[in-house]
Amino acid sequence: MGRLLKKSLLVLALFAVVWLAVIIWWQESRTLPTGVDIGLYLFALPLALLGVLWVGARVLRAARAPKPQPLASAPATSEAPAALAELRIVAAAARAAAGPDASGIAQALVEQQRPELDPELKTLQGFPVFAARVPQLDDVELYAAARERGAPAEALATAGLRATALLRDIAATLTNDAHRRATELDVPARDEDWPLLRFDIVLPASWPQAARERARAQVLAAAGVWPDTRVSATEHSARDAMAVDMLLRELASASGNANDVPTWRIVLAADGYVDQDLVAQWDADALLLTHANPQGRVPGEAAAGVLLGQAHAMSSTLTASAADATDVHVALSPVTHRQKPADARGAQAEPALADLTRDLMQRAAIAPDSVIHVISDADHRGSRPLEALGVASQLFEHLDAAKDCHAVGVACGHTGVAASLLTLAVASEACMQSESQPAVVTLTLQDPALRCASLVYRPAASTTA
């Protein structure tokens, strides 16, 4: 209704300007207009100007729209295709409003839970908003503990304190998993006999540097069961929702490099928006879900992580049969572009994502009927839910859209840079808990234009030994 009113006022303004200019011109030139002059100058001329403006706007939108990424033509030579980007996930952990761990979040997705009205967060008009708040976190306690430990003022924002607390829990959980694996056969006698433990921490670039440094320190503190000299942490500043996906693909491409030192690698991501200041800013910028803005976001918060195992590292710490019993593999697709951004008016599901997923499954030699879930990081906005349903309907006819296709963002709210890793952690947990050898497809849909898919599966024991 508002858009129609705005366009109507624009048309009336154009007619008014043209009429005023023509009448003044007639008066100054002392012209007595005929019926033809009236029809030509007072009606045909403004309609022609409207047509020119409409065509110009269409041309401008077409020029600004992102162009589809051209597919590389097949070379004439007999070169082998690039190796499939793949990682081995030994353990996964996640925490969000929908559940205290990955299995709890998965159950919430099955039960189709939704965020409720938050008792503390309000719009600029004082109305409560929907938010996905982790209930166990106390803002006052987190603030007091951070101040007591000397945290600078730049690191005391509520959203950052809450997300960092979640991040520390995930880091401790995965470190304990790595410690249990590393000491399963025997406890190393010397510090230098321990495998290396490397953290890759993905945090929003919008956080102040002091907040990111504090989060890194909290992760290192959570790894207390590991010798300090064998632990390192790298913090990655995420400027968009694809940061984790790009990092995983970078690690997959480097996983084949020779490395004589046994190494465990933990990838972490955390983000949060359960903060009154952020909610007020979203409301002012028309980004918040309200009755007047049904395409707005729901504030959420989450932390997630995966423990990656490398073959040379695992062979020195546990037997191959023990690894095969619990590990899952994740195959990563290339990144593609939508022809029309998902947030644009009239955006719909496009076939490129289904083609990308089909090609990924063929290269990983996974049959479509072994897929038990399609899990995306989508929320309720725009065409995103339809994209995931479109992939499921085209490739996996045996799946029930209501029971087997899940959108993490619908239950957990907007979790920013943590969304795709949260989705991967939930999918990995679903595969690990299954007694068969299932597969789960994950889709990254938060970015308006960029898309990618992952295939999480339990390979047969003969393929991993």
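I began with the lining of the second largest cavity, which by class has 2 nonpolar, 1 polar and 4 charged residues. For these classes, Ala, Val, Leu, Ile, Met, Phe, Trp, Tyr, Cys and Pro count as nonpolar, Asp, Glu, Lys and Arg as charged, and the others, Gly among them, as polar. The model is predicted: local features need pLDDT of at least 70, side-chain atom pairs count only at pLDDT 80 or more, and totals for chains, interfaces and linings use all residues. Residues are numbered from 1 along each chain as its sequence is written, and side-chain values use heavy atoms, with hydrogens and water left out.

**Cavities**

On a 1 Å grid over the protein atoms alone, a cavity is a set of points where a 1.4 Å probe fits but cannot get out; a pocket is an open set with protein on both sides within 12 Å along at least five of seven lines; lining residues have an atom within 4 Å of a point. Grid points are joined across faces, edges and corners, and a volume is the space filled by probe spheres set on the points.

I searched the whole structure and found 2 cavities of 30 Å³ or more.

The largest cavity has a volume of about 90 Å³. I looked up which elements line it. Helix H7 (243–254), helix H15 (419–433) and S12 each give at least two residues. H15 gives the largest share, 4 residues. Helices (H or I, at least four residues) and strands (E, at least two) are DSSP runs, numbered from the N terminus. Val244, Asp245 and Leu248 are among the lining residues. The classes here are 5 nonpolar, 5 polar and 2 charged.

I then checked H7. Val244, Asp245 and Leu248 are also among its buried residues. Buried means under 20% relative accessible area, exposed over 50%, partly exposed in between (1.4 Å probe, protein chains only).

**Largest pocket**

I found about 910 Å³ of space in the largest pocket. Its lining has 42 residues, and Tyr273, Leu287, Arg297, Arg381 and His414 lie nearest its centre. By class I have 18 nonpolar, 12 polar and 12 charged. Helix H5 (158–182) and strand S6 (263–272) each supply at least two lining residues.

I followed S6 to Trp264, which is found in that strand. Trp264 is buried, with a relative accessible area of 0%. Trp264 and Arg198 are 66 residues apart in sequence, yet 6.3 Å apart in space, C-alpha to C-alpha.

**Helix H11**

I asked which residues of H11 are buried. They are Leu353, Ala354, Leu356, Thr357, Leu360, Met361 and Ala364. They cover an arc of only 160 degrees around the axis, so they sit on the same side of H11. The arc is that of the directions from the helix axis to the C-beta atoms. An α-helix has 3.6 residues a turn, so residues three or four places apart point the same way. Pro351 and Gln362 are exposed on the other side of H11.

The cover over the buried residues of H11 includes strand S8 (328–332), strand S10 (371–376) and helix H12 (384–395). I took contact as heavy atoms within 4.5 Å. Ala365 follows H11 and has a positive phi, near 60 degrees.
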